[in-house]
Amino acid sequence: MTWYREDSSGISFNVHVVPRASRSEIVGLHNGALRIRVAAPPVDGAANRELIKFLAKKLGLPRTSVTLVSGSNSKNKIIRLSNPNTTTRQQLIDLS
């Protein structure tokens with residue numbers, strides 16, 4: 001079973017965010033979601049902005065290609081990558 005879903009316009013996957021970490025990093029898979037620690041606090045959307053910035057940089061995508069679909073006020077979120085290429089797909093798989 002794969003932990004991400006792909007369709008003709010992009011890739012979606014679940015993320016479990018741990019805010020207020022010492023640094024932003026990917027921990028691995030946890031209950032079917034990619035567990036990510038972010039260095040920002042969960043105040044005024046700072047952790048969400050850091051998550052999008054971190055994923056965009058890690059995957060080599062523009063920030064506009066990384067979208068928070070749901071879970072803006074939760075630790076469990078759904079992220080969408082728009083128009084990914086083959087390299088992005090492989091990088092996403094390597095993150096886990």
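Serine 65 is found in the loop between helix H1 (46-59) and strand S5 (66-70), where helices (H or I, at least four residues) and strands (E, at least two) are DSSP runs numbered from the N terminus. This is a predicted model, in which local features need pLDDT of at least 70 and side-chain atom pairs count only at pLDDT 80 or more, while totals for chains, interfaces and linings use all residues. Residues are numbered from 1 along each chain as its sequence is written, and side-chain values use heavy atoms, with hydrogens and water left out.

At 13% relative accessibility, serine 65 counts as buried; buried means under 20% relative accessible area, exposed over 50%, and partly exposed in between, with a 1.4 Å probe and protein chains only. Leaving aside residues up to four places away in sequence, serine 65 touches Arg80, Leu81 and Ser82, a contact being heavy atoms within 4.5 Å.

The buried residues of H1 are Ala46, Ala47, Asn48, Leu51, Ile52, Phe54, Leu55, Ala56 and Leu59, and what covers them includes strand S2 (10-18), strand S6 (76-82) and helix H2 (86-95). After H1 comes glycine 60, whose phi is positive, near 70°.

In H2, Thr88, Leu92 and Leu95 are buried. Seen down the axis of H2, these buried residues fall within an arc of 60°, so they line one face of the helix, the arc being that of the directions from the helix axis to the C-beta atoms. On the other side of H2, Thr86 and Asp94 are exposed. The cover over the buried residues of H2 includes strand S1 (4-7) and H1. At the start of H2, a side-chain oxygen of asparagine 85 reaches to within 3.1 Å of the backbone nitrogen of threonine 87.

Most residues other than glycine have a negative phi. Aspartate 44, in the loop between S4 and H1, has a positive phi near 55° and is exposed, with a relative accessible area of 70%. Asparagine 73, in the loop between S5 and S6, is exposed at 82%.

Key. A polar contact is a pair of N or O atoms within 3.5 Å; within protein, one must be able to donate a hydrogen and the other to accept it, and residues adjacent in sequence count only if both atoms are side-chain atoms.
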